[in-house]
Amino acid sequence: MRPVGPRDAVITGTGIVSPLGFGTERVFRALAAGNGAVREMGDAESGSARSQGAPVEPPYLRASVPRAMEPQIKFLNDSGEMAVEATIEAMAGSGVLDGDTAPPMRGLYLSQMDSNDWSCRDFRPAVVEATDSFANALEDEAMNRATARYVKPHFMLESLKNNAFSFLSTMFELHGANTSVAGFSGPTEQALSMGVRSLVRGTTNVSVVVGAAQIASATARLEMEDVGFSEDHVPGDGAGALVLERAQDAAARGVPALAAVLGQGFATHRPDGPMWVPDAEALNAAVTQALAEASCTLDDLLGVVLPGVGECAPTVGDLPCVTWKTHTGHLSLASAAVEMALGAKAVAAGALPGAASSGPGPGVLVLGAGMFGQVGAFVLAPT
């Protein structure tokens with residue numbers, strides 16, 4: 001494995017909100033102990049939805065925010081609150097705000113989705129009225145009258161997708177290069193890659209990468225069931241945040257980094273089977289790219305974090321492999337950020353939670369997968 005260069009991206013702060021608890025250290029210990037968060041869930045909204053989920057128990061935002069920001073909290077949806085909570089932990093751990101990086105050189109890369117919108121709770125009273133409690137078919141004129149009477153226009157405020165982005169960029173003065181993406185699974189790897197590349201290019205001096213999702217609602221679980229997601233893919237809620245800097249900048253501040261991102265790899269192959277299961281060829285292509293960029297061999301690795309979505313195992317020899325989604329649930333867009341945060345913690349601790357043994361080296365390979373054949377691979381190394 002090549003040595004960490006002065007312009008390589010290093011992770012100096014992490015934050016996690018997950019069904020296993022709040023905080024990177026707590027979640028890391030829970031995984032090491034073999035704890036799981038999947039449980040049976042009631043389905044008041046939809047009796048046909050799958051019964052298992054891994055929700056985060058509210059309140060989702062438990063940390064204090066500046067008084068000037070408190071009036072803005074009401075515009076955050078559940079995943080937005082989790083995003084803020086995880087970012088507060090990551091920023092505090094990095095101490096980056098104590099440095100002299102100007103706000104225009106701090107970038108925010110946010111990947112977020114929230115399934116509360118899918119449940120359409122704000123429209124339910126109007127639909128009930130227009131159909132006489134679902135006894136009649138829904139007709140346009142009746143729906144228009146009921147909507148005018150029962151639907152309050154403020155529902156549009158918290159459904160805006162840029163609320164968490166605006167909140168975070170204002171609270172932490174993240175005024176530099178930025179990107180906000182959405183979807184179900186996959187875009188967070190691209191957001192992370194953009195954050196890393198912006199540091200290497202010098203576009204930013206600090207990259208804050210956040211992934212957040214809420215998909216344990218009854219409607220989201222029903223839709224996952226309808227598209228054929230396996231019962232092994234239990235939906236969950238969560239958020240992960242990473243603060244990245246160049247190695248030379250972290251060293252100048254005297255801040256110990258958890259891990260360096262030495263290599264990245266990506267591939268997209270149309271799946272032969274279910275749309276959420278990447279094929280072995282795509283996995284191996286991404287792994288090969290990431291290892292090559294890091295000048296890394298399998299002997300340099302402690303272990304591998306698998307996507308855990310039913311994929312064929314990549315070619316990684318006898319290295320220990322772990323699948324954390326069986327403990328946390330599938331966290332959608334939060335998965336990549338959460339698993340990268342845990343991977344960085346594993347590099348710093350020299351132990352991979354859930355692994356029965358350890359590989360010969362100190363690095364960790366983290367793999368992620370989207371819904372349409374996308375695969376991302378990241379090599380994390382000690383600094």
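**Entry 1: the largest cavity**

I began with the lining of the largest cavity, which has 4 nonpolar, 7 polar and 3 charged residues by class. For these classes I counted Ala, Val, Leu, Ile, Met, Phe, Trp, Tyr, Cys and Pro as nonpolar, Asp, Glu, Lys and Arg as charged, and the others, Gly among them, as polar. The model is a predicted one, where local features need pLDDT of at least 70, side-chain atom pairs count only at pLDDT 80 or more, and totals for chains, interfaces and linings use all residues. Residues are numbered from 1 along each chain as its sequence is written, and side-chain values use heavy atoms, with hydrogens and water left out.

I looked up how many cavities of 30 Å³ or more a search of the whole structure finds, and the number is 3. A cavity here is a set of points, on a 1 Å grid over the protein atoms alone, where a 1.4 Å probe fits but cannot get out; lining residues have an atom within 4 Å of a point. The largest cavity has a volume of about 90 Å³. That volume is the space filled by probe spheres set on the points, with grid points joined across faces, edges and corners.

The lining of the largest cavity consists of 14 residues, and those nearest its centre are Ser 185, Glu 189, Ser 332, Ser 335 and Ala 369. Helix H8 (187-201), helix H13 (334-349) and strand S12 each supply at least two lining residues. H13 gives the largest share, 3 residues. Helices (H or I, at least four residues) and strands (E, at least two) are DSSP runs, numbered from the N terminus.

I went back to Ser 332, one of the residues nearest the centre of the largest cavity. Ser 332 sits in the loop between helix H12 (325-328) and H13. Its phi is positive, about 55°, although Ser 332 is not a glycine. Ser 332 has a relative accessible area of 3%, so it is buried. Buried means under 20% relative accessible area, exposed over 50%, and partly exposed in between (1.4 Å probe, protein chains only).

I then checked Ser 295, another non-glycine residue with a positive phi, about 50°. Ser 295 belongs to the loop between helix H11 (280-293) and strand S10. With a relative accessible area of 44%, Ser 295 is partly exposed.

**Entry 2: strand S10 and its partners**

Next I asked why strand S10 (residues 301-305) is described as largely enclosed by the rest of the structure. The reason is that 5 of its 5 residues are buried. S10 pairs with strand S12 (residues 363-369) in the parallel sense over 4 bridges. Two strands pair if DSSP finds at least two bridges between them. S10 also pairs with strand S11 (residues 321-322), again in the parallel sense, over 2 bridges. I followed Val 304 to both sides: its bridge partner in S12 is Leu 365, and in S11 it stands opposite Cys 321.

**Entry 3: cysteines**

I counted disulfides (a pair of cysteine sulfur atoms within 2.5 Å). The structure holds 0 of them. For Cys 296, the nearest cysteine sulfur is that of Cys 321, 14 Å away. Cys 296 counts as buried at 9% relative accessibility. For Cys 312, the nearest cysteine sulfur is also that of Cys 321, 13 Å away. Cys 312 is partly exposed, with a relative accessible area of 47%.

**Entry 4: strand S7**

I found 9 of the 9 residues of strand S7 (residues 206-214) buried. Val 206, Val 208, Val 210, Ala 212 and Gln 214 point one way, while Ser 207, Val 209, Gly 211 and Ala 213 point the other way. Strand S5 (residues 106-114) pairs with S7 in the parallel sense over 9 bridges, and Arg 106 has Val 206 as its bridge partner. Strand S8 (residues 237-246) pairs with S7 in the antiparallel sense over 9 bridges, and Gly 211 has Gly 240 as its bridge partner.

In helix H5 (residues 140-150), I listed Ala 142, Met 143 and Ala 146 as buried. They cover an arc of only 95° around the axis, so they are on the same side of H5. The arc is that of the directions from the helix axis to the C-beta atoms. Asp 140, Glu 141, Asn 144, Arg 145 and Ala 148 are exposed on the other side of H5.

Helix H7 (residues 163-171) is mostly covered, with 7 of its 9 residues buried. Among them are Phe 165, Phe 167 and Leu 168.

Conventions. 1 Å grid on protein atoms, 1.4 Å probe; cavity = no way out; pocket = protein on both sides within 12 Å on 5 of 7 lines; lining within 4 Å.
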